[in-house]
Amino acid sequence: MLEMKHVTVETVDIKKPILKDFSLSIQEGEIHAIMGPNGAGKSTLSKVIFKNPNYEIKQGEITLFDQDLKALQTEQIARMGAFLVLQDPPVIEGVSTSDFMREALYEKTKERVNLYSFVKEIEKDCQKLSLKEELLHQSINQGLSGGERKKNELLQLLLLKPKLIVLDELDSGLDVDSLKQVCKVFNDYLKEYPSTSVLIITHYSRILEYIHPDFVHKMVDGKIVQTGTIHLAKEIEKEGYQINEHTKEQSHE
Ligand SMILES: Nc1ncnc2c1ncn2[C@@H]1O[C@H](COP(=O)(O)OP(=O)(O)OP(=O)(O)O)[C@@H](O)[C@H]1O
Ligand SMILES: [Mg+2]
(Lines give C-alpha, C1' and ligand atoms only; values in the text may rest on other atoms or scores of the structure.)
(Ligands and ions follow the chains in the order given, each with its own letter.)
Protein backbone atom coordinates (compact mmCIF):
# COMPACT_ATOMS: atom_id res chain seq x y z
CA MET A 1 0.00 0.00 0.00
CA LEU A 2 2.70 2.45 1.08
CA GLU A 3 6.44 1.98 0.81
CA MET A 4 8.89 4.67 1.91
CA LYS A 5 12.61 4.01 1.60
CA HIS A 6 15.27 6.34 3.01
CA VAL A 7 13.16 9.42 2.38
CA THR A 8 14.51 12.89 3.09
CA VAL A 9 12.08 15.79 2.88
CA GLU A 10 12.59 19.51 3.31
CA THR A 11 10.32 22.53 3.27
CA VAL A 12 10.17 24.31 -0.06
CA ASP A 13 10.51 27.84 1.39
CA ILE A 14 13.34 27.73 3.94
CA LYS A 15 14.79 24.34 2.92
CA LYS A 16 14.43 23.01 6.43
CA PRO A 17 14.97 19.22 6.54
CA ILE A 18 12.10 17.53 8.41
CA LEU A 19 12.02 13.85 7.42
CA LYS A 20 15.51 12.41 7.58
CA ASP A 21 16.28 9.01 6.06
CA PHE A 22 12.72 7.93 6.88
CA SER A 23 11.57 4.40 5.99
CA LEU A 24 8.16 2.80 6.49
CA SER A 25 6.26 -0.02 4.81
CA ILE A 26 2.52 -0.58 5.20
CA GLN A 27 0.89 -3.64 3.65
CA GLU A 28 -2.78 -4.29 2.91
CA GLY A 29 -4.90 -4.65 6.06
CA GLU A 30 -2.14 -3.55 8.45
CA ILE A 31 -2.60 -0.98 11.19
CA HIS A 32 0.52 1.03 12.02
CA ALA A 33 0.87 3.65 14.72
CA ILE A 34 3.50 6.37 14.75
CA MET A 35 4.15 8.01 18.10
CA GLY A 36 6.40 11.00 18.47
CA PRO A 37 6.85 14.25 20.39
CA ASN A 38 5.74 17.69 19.16
CA GLY A 39 7.72 18.73 16.11
CA ALA A 40 9.01 15.23 15.29
CA GLY A 41 7.63 15.54 11.76
CA LYS A 42 4.50 13.42 12.06
CA SER A 43 2.09 15.82 10.36
CA THR A 44 4.75 16.54 7.75
CA LEU A 45 4.86 12.82 7.02
CA SER A 46 1.11 12.78 6.42
CA LYS A 47 1.35 15.86 4.19
CA VAL A 48 4.17 14.33 2.17
CA ILE A 49 2.11 11.19 1.49
CA PHE A 50 -0.61 13.47 0.07
CA LYS A 51 1.83 15.62 -1.89
CA ASN A 52 1.39 18.90 -0.04
CA PRO A 53 3.30 21.37 -2.27
CA ASN A 54 5.08 22.98 0.71
CA TYR A 55 7.37 19.96 1.01
CA GLU A 56 9.93 18.56 -1.39
CA ILE A 57 11.16 14.98 -1.48
CA LYS A 58 14.93 15.39 -1.79
CA GLN A 59 16.02 11.78 -1.51
CA GLY A 60 14.58 8.28 -1.32
CA GLU A 61 11.63 6.53 -2.85
CA ILE A 62 7.93 6.54 -2.03
CA THR A 63 5.45 4.21 -3.70
CA LEU A 64 1.75 4.41 -3.02
CA PHE A 65 -0.53 1.68 -4.41
CA ASP A 66 2.52 0.51 -6.40
CA GLN A 67 2.95 3.86 -8.11
CA ASP A 68 5.78 6.34 -7.77
CA LEU A 69 4.48 9.14 -5.53
CA LYS A 70 6.65 11.68 -7.31
CA ALA A 71 4.49 11.28 -10.41
CA LEU A 72 1.18 11.62 -8.57
CA GLN A 73 -0.89 14.65 -7.64
CA THR A 74 -3.02 15.03 -4.52
CA GLU A 75 -6.22 14.65 -6.51
CA GLN A 76 -5.06 11.35 -8.03
CA ILE A 77 -3.95 10.11 -4.62
CA ALA A 78 -7.45 10.76 -3.27
CA ARG A 79 -9.10 9.10 -6.27
CA MET A 80 -6.89 6.05 -5.86
CA GLY A 81 -8.33 5.59 -2.37
CA ALA A 82 -6.13 7.33 0.17
CA PHE A 83 -7.77 9.45 2.85
CA LEU A 84 -6.20 11.85 5.35
CA VAL A 85 -7.97 12.83 8.55
CA LEU A 86 -6.31 16.18 9.25
CA GLN A 87 -4.97 17.21 12.65
CA ASP A 88 -6.86 20.52 12.29
CA PRO A 89 -9.63 20.24 9.68
CA PRO A 90 -10.21 23.74 8.23
CA VAL A 91 -13.47 25.59 7.56
CA ILE A 92 -14.26 25.75 3.83
CA GLU A 93 -16.77 28.51 3.32
CA GLY A 94 -19.32 28.40 0.52
CA VAL A 95 -19.33 24.61 0.04
CA SER A 96 -21.89 22.63 1.99
CA THR A 97 -20.82 19.33 3.54
CA SER A 98 -23.50 17.38 1.66
CA ASP A 99 -22.58 18.92 -1.73
CA PHE A 100 -18.92 18.26 -1.06
CA MET A 101 -19.55 14.65 -0.07
CA ARG A 102 -21.88 14.00 -3.00
CA GLU A 103 -19.33 15.39 -5.45
CA ALA A 104 -16.53 13.39 -3.86
CA LEU A 105 -18.63 10.22 -4.16
CA TYR A 106 -19.42 11.03 -7.78
CA GLU A 107 -15.71 11.47 -8.53
CA LYS A 108 -15.10 8.05 -7.07
CA THR A 109 -18.00 6.11 -8.59
CA LYS A 110 -18.94 8.29 -11.60
CA GLU A 111 -22.57 7.67 -10.66
CA ARG A 112 -24.95 10.43 -9.60
CA VAL A 113 -26.93 9.43 -6.56
CA ASN A 114 -30.33 10.81 -5.70
CA LEU A 115 -29.91 13.73 -3.28
CA TYR A 116 -32.73 12.66 -0.99
CA SER A 117 -31.59 9.06 -0.53
CA PHE A 118 -27.98 10.26 -0.26
CA VAL A 119 -28.79 12.64 2.60
CA LYS A 120 -30.92 9.97 4.33
CA GLU A 121 -27.97 7.57 4.19
CA ILE A 122 -25.52 10.07 5.63
CA GLU A 123 -27.98 11.06 8.35
CA LYS A 124 -27.63 7.50 9.67
CA ASP A 125 -23.87 7.94 9.90
CA CYS A 126 -24.42 11.31 11.64
CA GLN A 127 -26.48 9.52 14.26
CA LYS A 128 -23.77 6.90 14.78
CA LEU A 129 -21.33 9.72 15.47
CA SER A 130 -23.81 11.91 17.44
CA LEU A 131 -23.41 14.68 14.89
CA LYS A 132 -26.17 17.21 14.27
CA GLU A 133 -27.63 16.57 10.83
CA GLU A 134 -27.84 20.34 10.15
CA LEU A 135 -24.12 20.33 9.51
CA LEU A 136 -24.77 18.59 6.19
CA HIS A 137 -26.37 21.77 4.88
CA GLN A 138 -23.78 24.18 6.29
CA SER A 139 -20.36 25.13 4.92
CA ILE A 140 -17.75 22.47 5.68
CA ASN A 141 -16.82 22.65 9.38
CA GLN A 142 -18.44 26.09 9.79
CA GLY A 143 -19.23 26.65 13.46
CA LEU A 144 -18.13 23.15 14.47
CA SER A 145 -16.01 22.43 17.54
CA GLY A 146 -12.64 20.67 17.23
CA GLY A 147 -14.21 17.33 18.13
CA GLU A 148 -17.13 17.80 15.75
CA ARG A 149 -14.71 18.54 12.92
CA LYS A 150 -12.93 15.26 13.58
CA LYS A 151 -16.26 13.46 13.47
CA ASN A 152 -17.07 15.22 10.21
CA GLU A 153 -13.86 13.78 8.74
CA LEU A 154 -15.03 10.32 9.85
CA LEU A 155 -18.36 10.92 8.17
CA GLN A 156 -16.57 11.50 4.86
CA LEU A 157 -14.39 8.46 5.40
CA LEU A 158 -17.40 6.19 5.96
CA LEU A 159 -18.85 7.36 2.67
CA LEU A 160 -15.71 7.18 0.53
CA LYS A 161 -14.41 3.84 1.86
CA PRO A 162 -10.71 4.49 1.34
CA LYS A 163 -8.08 1.76 1.03
CA LEU A 164 -5.44 3.65 2.99
CA ILE A 165 -6.36 5.90 5.92
CA VAL A 166 -3.99 8.28 7.68
CA LEU A 167 -5.31 9.57 11.00
CA ASP A 168 -3.34 12.60 12.17
CA GLU A 169 -4.09 12.94 15.90
CA LEU A 170 -7.66 11.68 15.66
CA ASP A 171 -7.81 11.90 19.45
CA SER A 172 -7.05 15.62 19.68
CA GLY A 173 -10.25 17.58 20.20
CA LEU A 174 -12.27 14.51 21.18
CA ASP A 175 -13.46 14.08 24.76
CA VAL A 176 -13.21 10.65 26.40
CA ASP A 177 -16.70 9.53 25.40
CA SER A 178 -16.41 10.89 21.86
CA LEU A 179 -13.06 9.14 21.41
CA LYS A 180 -14.64 5.83 22.44
CA GLN A 181 -17.58 6.43 20.14
CA VAL A 182 -15.46 7.44 17.15
CA CYS A 183 -13.12 4.47 17.66
CA LYS A 184 -16.10 2.11 17.82
CA VAL A 185 -17.45 3.47 14.54
CA PHE A 186 -13.97 3.18 13.06
CA ASN A 187 -13.46 -0.40 14.30
CA ASP A 188 -16.88 -1.44 12.97
CA TYR A 189 -15.81 0.01 9.63
CA LEU A 190 -12.53 -1.96 9.70
CA LYS A 191 -14.44 -5.15 10.52
CA GLU A 192 -16.53 -4.61 7.43
CA TYR A 193 -13.50 -3.63 5.29
CA PRO A 194 -10.59 -5.60 6.77
CA SER A 195 -8.24 -5.00 3.83
CA THR A 196 -8.08 -1.29 4.76
CA SER A 197 -4.59 -0.11 5.74
CA VAL A 198 -4.30 2.44 8.53
CA LEU A 199 -1.60 4.80 9.76
CA ILE A 200 -2.42 6.28 13.16
CA ILE A 201 -0.37 9.31 14.17
CA THR A 202 -0.57 10.08 17.87
CA HIS A 203 1.19 11.41 20.98
CA TYR A 204 -0.67 9.26 23.45
CA SER A 205 -1.26 5.52 23.67
CA ARG A 206 -4.91 5.95 24.72
CA ILE A 207 -6.30 5.74 21.16
CA LEU A 208 -4.32 2.51 20.69
CA GLU A 209 -6.33 0.94 23.50
CA TYR A 210 -9.35 1.20 21.21
CA ILE A 211 -7.82 0.77 17.75
CA HIS A 212 -5.27 -2.02 18.05
CA PRO A 213 -2.17 -1.54 15.91
CA ASP A 214 -0.10 -4.37 14.42
CA PHE A 215 3.04 -2.22 14.65
CA VAL A 216 4.04 0.79 16.75
CA HIS A 217 6.87 3.07 15.61
CA LYS A 218 8.62 5.67 17.71
CA MET A 219 9.52 8.73 15.65
CA VAL A 220 12.03 11.30 16.89
CA ASP A 221 13.52 14.19 14.91
CA GLY A 222 12.31 13.09 11.49
CA LYS A 223 12.99 9.39 11.64
CA ILE A 224 11.75 6.13 13.12
CA VAL A 225 14.09 5.15 15.93
CA GLN A 226 12.29 2.08 17.21
CA THR A 227 9.57 -0.31 16.04
CA GLY A 228 7.59 -2.70 18.18
CA THR A 229 4.11 -3.70 19.23
CA ILE A 230 1.60 -2.18 21.63
CA HIS A 231 4.17 -2.75 24.40
CA LEU A 232 6.32 -0.02 22.87
CA ALA A 233 3.38 2.40 23.12
CA LYS A 234 3.04 1.57 26.81
CA GLU A 235 6.77 2.04 27.34
CA ILE A 236 6.62 5.45 25.63
CA GLU A 237 3.65 6.44 27.79
CA LYS A 238 5.71 5.60 30.86
CA GLU A 239 9.12 6.87 29.86
CA GLY A 240 8.49 9.59 27.29
CA TYR A 241 10.38 9.97 24.06
CA GLN A 242 14.01 10.14 25.14
CA ILE A 243 16.22 8.01 22.98
CA ASN A 244 17.79 5.49 25.37
CA GLU A 245 21.02 3.62 24.72
CA HIS A 246 19.15 0.53 23.53
CA THR A 247 17.23 2.58 20.97
CA LYS A 248 20.41 4.28 19.76
CA GLU A 249 21.93 0.91 19.05
CA GLN A 250 18.86 -0.18 17.10
CA SER A 251 18.76 2.96 14.99
CA HIS A 252 22.42 2.48 14.04
CA GLU A 253 21.88 -1.08 12.86
N1 LIG B 1 6.15 24.54 6.00
C2 LIG B 1 7.02 24.60 7.02
N3 LIG B 1 7.95 25.57 7.12
C4 LIG B 1 8.82 25.61 8.15
N5 LIG B 1 8.86 24.70 9.13
C6 LIG B 1 7.97 23.71 9.09
C7 LIG B 1 7.01 23.60 8.04
N8 LIG B 1 6.26 22.51 8.26
C9 LIG B 1 6.72 21.96 9.40
N10 LIG B 1 7.75 22.67 9.90
C11 LIG B 1 8.50 22.36 11.12
O12 LIG B 1 8.88 21.01 11.09
C13 LIG B 1 8.76 20.40 12.37
C14 LIG B 1 7.82 19.23 12.28
O15 LIG B 1 6.48 19.70 12.14
P16 LIG B 1 5.22 18.73 12.18
O17 LIG B 1 4.00 19.55 12.09
O18 LIG B 1 5.41 17.67 11.16
O19 LIG B 1 5.38 18.07 13.64
P20 LIG B 1 4.44 17.04 14.40
O21 LIG B 1 5.28 15.86 14.73
O22 LIG B 1 3.20 16.80 13.64
O23 LIG B 1 4.15 17.83 15.75
P24 LIG B 1 2.79 17.86 16.66
O25 LIG B 1 2.88 16.62 17.50
O26 LIG B 1 2.96 19.08 17.49
O27 LIG B 1 1.59 17.88 15.77
C28 LIG B 1 8.31 21.52 13.29
O29 LIG B 1 9.45 22.04 13.92
C30 LIG B 1 7.67 22.52 12.37
O31 LIG B 1 7.77 23.82 12.87
MG1 LIG C 1 1.23 17.15 13.99
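Leaving aside its neighbours within four places in sequence, with which residues is isoleucine 200 in contact? The contacts of isoleucine 200 under this condition are Ile31, Ala33, Leu167, Ile207, Ile211 and Pro213. The model under discussion is predicted.

## The nonpolar core

Isoleucine 200 also stands out in the largest nonpolar core, a set of 57 residues. Together with Leu2 and Leu167, Ile200 is among the residues with the most contacts inside this core. The element that gives the most to the core is strand β2, residues 17–26, which supplies five residues.

## The six-stranded sheet

An open sheet of six strands, with mixed pairing, has the order β6-β9-β10-β3-β11-β12. Its edge strands are β6 (82–85) and β12 (223–228), each of which pairs on one side only. On average, neighbouring strands of this sheet are turned by 20° against each other, direction ignored.

Within this sheet, strand β3 (residues 31–35) pairs with strand β10 (residues 197–202) in the parallel sense, over five bridges. Isoleucine 31 has valine 198 as its bridge partner in β10. Ile31 is also one of the contacts of isoleucine 200.

## The four-stranded sheet

A further open sheet consists of four strands in the order β2-β1-β4-β5, and its pairing is antiparallel. Here the edge strands are β2 and β5 (67–68), and each pairs on one side only.

Six bridges join strand β1 (residues 2–11) to β2 in the antiparallel sense. In this arrangement valine 7 of the model stands opposite phenylalanine 22 in β2.

Which strands does helix α1 lie across? Helix α1, residues 42–49, lies across β3, β6, β9 (164–168), β10 and β11 (215–220), and runs at about 150° to β9. Helix α1 also lies across β1, β2 and β4 (55–64), with an angle of about 65° to β4.

## Exposed residues and positive phi values

Most residues other than glycine have a negative phi. Histidine 6, found in strand β1, has a positive phi near 50°. Is histidine 6 buried or exposed? Histidine 6 counts as exposed because 12 other C-beta atoms lie within 10 Å, and a residue with 12 or fewer such atoms is exposed by the criterion applied.

Lysine 110 likewise has a positive phi, near 60°. Lysine 110 is found in the loop between α3 (97–109) and α4. With 7 other C-beta atoms within 10 Å, lysine 110 is exposed.

Lysine 124 belongs to helix α4, which covers residues 115–128. Lysine 124 counts as exposed because it has 10 C-beta neighbours inside 10 Å. How far apart are lysine 124 and isoleucine 31 in sequence and in space? Lysine 124 and isoleucine 31 are separated by 93 residues in sequence and by 26 Å in space, C-alpha to C-alpha.

How values were computed
Residues numbered from 1 in each chain as written. Chains lettered and ligands numbered in written order. Predicted model: local features only at pLDDT ≥ 70, side-chain atom pairs only at ≥ 80, totals over all residues. Pairing = 2+ DSSP bridges. Helix = DSSP H or I, 4+ residues; strand = E, 2+ residues; numbered from the N terminus. Axes fitted to C-alpha atoms, helices over the stretch in contact; angles between N-to-C directions. Contact = placed C-beta atoms within 7 Å. Core = buried A, V, L, I, M, F, W, Y, C linked by C-beta atoms within 7 Å. Buried ≥ 20, exposed ≤ 12 C-beta atoms within 10 Å, placed from the backbone.
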